[in-house]
Amino acid sequence: MNSLYNLASRQSAAIRADLDACSSDPASSATLRPQITSSLSALVKTIEDYESMAKRELVITKREKALHRAANFHAEVCLLYTSPSPRD
């Protein structure tokens with residue numbers, strides 16, 4: 001379960017970096033948009049896998065912590081989807 005959490009954290013950081021690059025250089029936005037979209041899809045899948053594993057966790061405190069982390073990731077994905085993208 002830790003590996004999925006670490007993977008989701010790295011994917012989230014990479015998406016934020018791509019969004020920052022996209023906003024700082026509008027010329028690159030056309031090439032980064034498909035990459036950001038596919039990265040967001042991969043992040044959602046990773047979060048779903050993490051949440052599924054968390055629900056099967058036997059230790060209650062670990063399960064609660066993992067489900068809380070999954071909820072935070074879901075909220076972050078919502079923010080990433082709604083973050084303003086530069087206009088062409």
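**Around Q11**

Me: Which residues does Q11 touch, apart from its neighbours within four places in sequence?
Reply: Setting those neighbours aside, Q11 is in contact with A42, L43 and T46. Bear in mind that this is a predicted model.

Me: And where does Q11 sit?
Reply: Q11 is part of helix α1.

Me: Is Q11 buried or exposed?
Reply: Q11 counts as buried because its relative accessible area is 17%, and the cut-off for buried is under 20%.

Me: Which other residues of α1 are buried?
Reply: Besides Q11, the buried residues of α1 are L4, A8, S12, I15, D18, L19 and C22. As background, an α-helix has 3.6 residues a turn, so residues three or four places apart point the same way.

Me: What covers the buried residues of α1?
Reply: The cover includes α2, residues 29-55, and α3, residues 60-82.

Me: How far does α1 reach?
Reply: Helix α1 runs over residues 2-24, which is 23 residues. From first C-alpha to last it reaches 33 Å, close to the 33 Å expected at 1.5 Å a residue.

Me: Switching to cysteines. How many disulfides are there?
Reply: The structure has zero disulfides.

Me: How accessible is C22, then?
Reply: C22 has 3% relative accessibility, so it counts as buried.

Me: Zooming out, how many helices and strands does the protein chain have?
Reply: There are three helices and zero strands, and the pattern along the sequence reads α-α-α. The C-alpha trace spans about 50 × 20 × 15 Å along its principal axes.

Me: What share of the residues is buried?
Reply: Of the 88 residues in the protein chain, 30% are buried.

Me: And what about the surface?
Reply: The accessible surface is about 5,700 Å², and 58% of that belongs to carbon and sulfur atoms.

Me: Last one: how many positive and negative side chains are there?
Reply: The protein chain has 11 positive and 10 negative side chains. The centres of the two sets are 7 Å apart.

Technical notes: Residues are numbered from 1 along each chain as its sequence is written. This is a predicted model: local features need pLDDT of at least 70, side-chain atom pairs count only at pLDDT 80 or more; totals for chains, interfaces and linings use all residues. Side-chain values use heavy atoms; hydrogens and water are left out. Helices (H or I, at least four residues) and strands (E, at least two) are DSSP runs, numbered from the N terminus. The expected span of a helix is 1.5 Å times one less than its number of residues. Buried means under 20% relative accessible area, exposed over 50%, partly exposed in between (1.4 Å probe, protein chains only). Contact means heavy atoms within 4.5 Å. A disulfide is a pair of cysteine sulfur atoms within 2.5 Å. Accessible areas come from the Shrake-Rupley method with a 1.4 Å probe; for residues, only the protein chains shown count as cover. Lys and Arg count as positive and Asp and Glu as negative; His and the chain ends are not counted. The place of a charge is taken as NZ of Lys, CZ of Arg, CG of Asp or CD of Glu.
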